[in-house]
Amino acid sequence: MAAREILQMGNPLLYQRSEEITDFGSAQLRILIKDMFDTMADSDGAGLAAPQVGVLQRLVIFSVEANPRYPDAETVPRTILINPEIEVLVDEQEAGWEGCLSIPGMRGVVSRPSQIRYSGYNEKGEKFSREVSGFHARVVQHECDHLDGVLYPMRIQDIRQFGYESALFPDEE
Ligand code: NI
């Protein structure tokens, strides 16, 4: 395990635009991706963007596995997404709760397009694209926002729907 430190909201690096990746074969990239998965697993997160570990490169990862405790929760395939582009496929927006490893213990409601096509490159530099909706679409948009220096609270429309998990969902746990 080589979990890295996750930068917390307020750190100026989280508000920068990250740079395109051009060197796909490098050992540095391979180690970064492995460390990001270790970091995400360590914190039990659904996704992580490179700037959250202080690396200003356009790389995000995400993965939501089936959890027997939440049989109805949507799963998201384990994905490495580099230099992503997002195309919105519908006008409709969907409101949903989000959290972020850079803002631990808090949740907020964010409206986002409900259906998107995203494309980008895997760690070998192979291009791929997917059409997704629901939670998968939300996770991708949240992570890609990090690459443009956007944290989810910046998108909350009703700030009363932003708060501590323990206060918002006292019955959980
Ligand atoms: Ni986040």
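Lysine 34 and aspartate 38 meet through their side chains in a salt bridge (3.1 Å, N to O). A salt bridge here is a side-chain nitrogen of Lys or Arg within 4 Å of a carboxyl oxygen of Asp or Glu. The structure holds 13 of them.

This is a predicted model, in which local features need pLDDT of at least 70 and side-chain atom pairs count only at pLDDT 80 or more, while totals for chains, interfaces and linings use all residues. Residues are numbered from 1 along each chain as its sequence is written, and side-chain values use heavy atoms, with hydrogens and water left out.

**Salt bridges**

- Lysine 34 and aspartate 38 are 4 residues apart in helix α1, which separates them by about one helical turn. Helices (H or I, at least four residues) and strands (E, at least two) are DSSP runs, numbered from the N terminus.
- Aspartate 38 is buried, at 11% relative accessible area. Buried means under 20%, exposed over 50%, and partly exposed in between (1.4 Å probe, protein chains only).
- Arginine 107 and glutamate 165 form a salt bridge through their side chains (3.5 Å, N to O). Arginine 107 sits in strand β5 and glutamate 165 in helix α3, so the pair ties together parts 58 residues apart in sequence.
- Glutamate 165 is partly exposed, at 32% relative accessibility.
- Arginine 117 pairs with glutamate 131 in a salt bridge, with the closest N and O atoms 3.0 Å apart. This pair links strand β6 (residues 115–121) to strand β7 (residues 127–133), across 14 residues.
- Arginine 117 is partly exposed at 27%, and glutamate 131 is exposed at 51%.

**Nickel site**

- Cys100 (SG), His142 (NE2) and His146 (NE2) coordinate the nickel ion at 2.1 to 2.3 Å. Donors are N, O and S atoms within 2.8 Å of the metal (3.2 Å for Na, K and Ca); water is not among the atoms, so sites may look incomplete.
- Along the chain, the donors follow the spacing C-x41-H-x3-H. Cysteine 100 lies in the loop between β4 (93–98) and β5 (106–113), and histidine 142 lies in helix α2 (residues 134–147), 42 residues apart.
- Cysteine 100 is buried at 10% relative accessible area. Histidine 142 is also buried, at 6%.

**Strand β2**

- In strand β2 (residues 59–64), 6 of the 6 residues are buried, so the strand is largely enclosed by the rest of the structure.
- Leu59, Ile61 and Ser63 are buried on one side, and Val60, Phe62 and Val64 on the other.
- Strand β1 (residues 47–49) runs antiparallel to β2, joined by 3 bridges. Two strands pair if DSSP finds at least two bridges between them.
- Strand β3 (residues 76–88) is also antiparallel to β2, with 5 bridges. Isoleucine 82 in β3 is the bridge partner of leucine 59.

**Largest pocket**

- The largest pocket holds about 1,700 Å³ of space. A pocket is an open set of points on a 1 Å grid over the protein atoms alone, where a 1.4 Å probe fits, with protein on both sides within 12 Å along at least five of seven lines; lining residues have an atom within 4 Å of a point.
- Of its 48 lining residues, Asp44, Gly45, Ala46, Arg107 and Phe135 are closest to the centre.
- Helix α2 gives the largest share of this lining, 8 residues.

Technical notes: Points joined across faces, edges and corners; volume = space filled by probe spheres on them.
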